[in-house]
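This report covers the side-chain contacts of one protein chain.

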Amino acid sequence: MRNLFITIEGVDGSGKSSITDLLAHRLNGVKIVTPSKLLAGKRKVIEEKSSRSEKYEFYYASLVSQQVEIIEALAIGHTVCDRYIHSTIAYQWPDEVPIPNVNSFGNELRMPDYAFLLTVCPLEAERRIKERELATKIIIANDHDLLMQK
């Protein structure tokens, strides 16, 4: 049996990280986070100062650059990824460009065997985000901006 590539998508506060951790553990698999933690500094700058098109280019390039990590993880076991191409399209796709079929990215990206979208009511998402901020002392303004878009 070949190892599965599973992606967990959803808004901030929907439980992606928790589910990704639990599923990877339950499957005795590997967890991957996108973008790579190695890009945290650049990500912060991109989020604060860039247009939607620039953000898309950054996030898409980060997914392409993680393909080796994904292939190596799949050689070890089932691989569960916290956000992937679906989130990149949903959050950063330029408004002026028609949205493509997600399968059209298959030449550059390993397509997931399964992609799950987690949903949560906005009040619960906000509660979870505030709880995370208290625990980590890290406040990400964009998390709150997305909650306001109803």
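## Aromatic pairs

Seven aromatic pairs turn up in a search of the whole structure. A pair is counted when the ring centres of Phe, Tyr or Trp (its six-membered ring) lie within 6.5 Å; planes under 30 degrees apart are stacked, over 60 edge-to-face, and the rest tilted. The model is predicted: local features need pLDDT of at least 70 and side-chain atom pairs count only at pLDDT 80 or more, while totals for chains, interfaces and linings use all residues. Residues are numbered from 1 along each chain as its sequence is written, and side-chain values use heavy atoms, with hydrogens and water left out.

Phe58 and Tyr59 form an edge-to-face pair, 5.0 Å centre to centre with 80° between the planes. Phe58 is buried at 8% relative accessible area, and Tyr59 is buried at 7% (buried is under 20%, exposed over 50%, partly exposed in between, with a 1.4 Å probe and protein chains only). Trp93 and Phe105 also pair edge-to-face, at 6.4 Å centre to centre and 80° between the planes. Both Trp93 and Phe105 lie in the loop between α5 and β4 (114-118), twelve residues apart. Helices (H or I, at least four residues) and strands (E, at least two) are DSSP runs, numbered from the N terminus.

## Nonpolar core

The largest nonpolar core has 17 residues, and Tyr84, Ile85, Phe105 and Leu109 have the most contacts inside it. At least two residues of this core come from each of α3 (52-65), α4 (67-76) and α5 (85-92). Such a core is a set of buried Ala, Val, Leu, Ile, Met, Phe, Trp, Tyr and Cys residues joined through side-chain atoms within 4.5 Å.

Leaving aside residues up to four places away in sequence, Phe105 touches Tyr56, Tyr60, Ile85, Ile89, Trp93, Pro100 and Met111. Contact here means heavy atoms within 4.5 Å.

## A buried arginine

Arg83 lies in the loop between β3 (79-82) and α5. Arg83 is buried, with a relative accessible area of 13%. Not counting residues up to four places away in sequence, Arg83 touches Ile8, Glu9, Gly10, Val11, Asp12, Lys16, Thr34, Arg43 and Tyr91.

The side chains of Arg83 and Tyr91 are joined by a polar contact of 3.4 Å. A polar contact is a pair of N or O atoms within 3.5 Å; within protein, one must be able to donate a hydrogen and the other to accept it, and residues adjacent in sequence count only if both atoms are side-chain atoms.

## Salt bridges

The structure holds eleven salt bridges, each a side-chain nitrogen of Lys or Arg within 4 Å of a carboxyl oxygen of Asp or Glu. In one of them, Asp113 and Arg2 have their closest N and O atoms 2.7 Å apart. Asp113 is in the loop between α5 and β4 and Arg2 in the segment before β1 (5-10), so this bridge ties together parts 111 residues apart in sequence. Asp113 is partly exposed at 24% relative accessible area.

Glu47 bridges to Lys55, with closest N and O atoms 3.7 Å apart; Lys55 counts as buried at 16% relative accessibility. In helix α6 (residues 122-136), Glu124 and Arg128 lie four residues apart, about one turn of the helix, and form a salt bridge at 3.0 Å between the closest N and O atoms. Glu124 is partly exposed at 22% and Arg128 is partly exposed at 31%. Salt bridges with shared partners join Glu124, Arg127, Arg128 and Glu131 into one network.
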